[in-house]
Amino acid sequence: MKKITQITLAALLAAPVTLGSLSLPSYASAASAAPASVPSVSVKGPVAQAPTVYTESAADYAQFLQAKYKVKLPQQPTKGDFIQAIASIIEADAASADTDEASEVKAPAFTDLKSGDSAYDAAVSLYNNGIITGTEVHAKDKLSAYTAVFIAVKAAGFKELAYTYPEAKTKKALAKLGISPNRVQGLAAQELAAAIDTGLIPESLYPALRKGGVATTDFANILLGRVLSSQGKYKNEIGRTGDADIYSKLYVAYRTADLIEAPELREIVDQALRNDLVTGYNLKDSRFDSNFIDELTLTYGHSDIKHAVQLIGLLRSEGIDADVQFQPKTSAFIYLKEWGEPTETPDYKVTQIENGNYIAYSKEYDIQFEFNTTADKARFNDIILKYAKKSTGNTSNLIHASWWQPLYYSATAMDGYPVIANTKISLGHYYAQSFSLKEKAKDLQDGFRKLAPDADISSYNFWVDQPFLNYLNGESE
C-alpha cells in the first residue's frame, strides 16, 4: 500500500496491467494523431513573461497548414495556388445551402481550365460548393488581395450572412477599412463588409486592402488560417499559458467536466477488468482533441486541478509560453475489497463485481501543451524533474500534489523518452485506452478484439517520460 499514499490511489491504479504486465492510463489524444514533420524553429511571438493577448501570426498559420494539410504557398501565390489551398481545408461535401443537387455533381465547363490542370479538381470542388461562381478561373494570375478575400469569405461560411447586408451597413463596414464605398460594389461589397465585421480580415490586413494589388504569402496564410478557425478546424484550446484568464479557464473546464459514462464502450472494457485482462483503463472524448501540431505537443496527465494551475504558473515562471487544451478523463480500475468500503463522491463512483471487488471510476484530466519550439518542449522534462516530481530526498519544495511517477508523453520522438505502446478501442467519439510495455500491446489488442470483434481497435507506439516507464516496470520512482 506504500504507493497508494505516494501517488494517490487513482494515479496508481489507473495504469492497467495487461495479462500480468503493467499498462498505463488512457492519457493519449495527442498520441492518436499521426506524427507530422514540421520546422523546429520558433514561429510564435516573443516568449510571454507576463500575461498577454496572443494573436496568431501568418507564420503560425503557415506552420499549421503545412503540418496538417501539406499546404505551403509559394513566395508569390497565384489564384490557382489559393484555390487549391482552400480546397484542401474544406470538406468536399460541404455544399452551399443554395447549390442545387444537379450542380453538386456537375463538372463546370471552365473556359480556361481543363481536366489534368493542377488547379482543376480544386476549382471544381469550390465551384460546386458555391465558393467560386464563374467559369473563367484565371488560375495562373497572381492572387490579388481582394480576390483572396472574396474566396475566403465564402469558404469560411459567411456567404449567406454577407448577402443580408443592406447598403448602409455595408458602407459602415467599409468605412472601418478606410476605403470609398465606390471602390467595391454589389455582392462584392457585401462580402467584403461581412469579412470585416466577422473578423475574417484582421486589422493587420487593412493596409494591404487599402493599397490593393497582389496578395503576399503572409496575407494569404492569414486568410487561410481565419477560414480554418471559422470552420472549427484550427486548434482546439482553452487559451495560452500567458493569458491573464488561463487559471479561471482551467477551473471552469475542470468544474464542468463530469465522469464520462459511455455505457456501451464501458461495458466492453469493464468486462476486460472482470477478465483480468487489465486492472484499469481510461475513458476520453475525442471532441476535446486539441488538433495541435504533434512535433510541438506534449500531453500531461493528473487528477488535481490545483496542480494544473501551479504547473501553468511554473511554465510561465520559466519563460515558456504554450497553447493549452484541457481534456476531461475518467480512470477506471479495480478496487480490492480488502482496502475497505469505498466512499463515493460526485467525482468518484464504484460498482461492485462478482468477486466482491469493485470497479472504481475517478475523474481526472489531461492537459495538452503546444510549445513555441521543440527546444521548449524538450525543456519541459527538466522543469518537471526539478519542480514537479517527488524523489528520494526531495519530497518538498515542489508544486502542489506532485507525483512520484508523473505522466507526460509525445506522439513524436524525444531524446531521453523511452517508447511504450497504447491500445485504443473506440465507439463513436468516445474511446478507452490502455498504455503498456511494447511487448504486451499485441496481447492486449487481441484480448479487446475477442471482447468486441467489430469495434475499432488499434495499437501504436509513442514516447513517455522515464519515471512512468519505471512505474510500468514496477519501480517505486
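Here's a short walk through the nonpolar cores of this model and one of its helices.

Before you click, know that this is a predicted model, where local features need pLDDT of at least 70, side-chain atom pairs count only at pLDDT 80 or more, and totals for chains, interfaces and linings use all residues. Residues are numbered from 1 along each chain as its sequence is written, and side-chain values use heavy atoms, with hydrogens and water left out.

Start by selecting Phe82, Ile86 and Leu192: they have the most contacts inside the largest nonpolar core, which has 66 residues. Such a core is a set of buried Ala, Val, Leu, Ile, Met, Phe, Trp, Tyr and Cys residues joined through side-chain atoms within 4.5 Å. Buried here means under 20% relative accessible area, with a 1.4 Å probe and protein chains only.

Now color the helices (DSSP runs of H or I, at least four residues, numbered from the N terminus). Those supplying at least two residues each to this core include α4 (79-89), α7 (145-155) and α12 (217-230). The top contributor is α7, with nine residues.

Zoom in on Ile86. Leaving out residues up to four places away in sequence, Ile86 touches (heavy atoms within 4.5 Å) Leu126, Ile151, Ala155, Leu224 and Val227.

Next, select α12. Of its 14 residues, 11 are buried, including Phe219, Leu223 and Arg226. The buried residues of α12 pack against α3, α4, α7 and α11. Step just past the end of α12 and you'll find Gly232, with a positive phi of about 70°.

Technical notes: Buried < 20%, exposed > 50% of the residue type's maximum accessible area, 1.4 Å probe, protein only.
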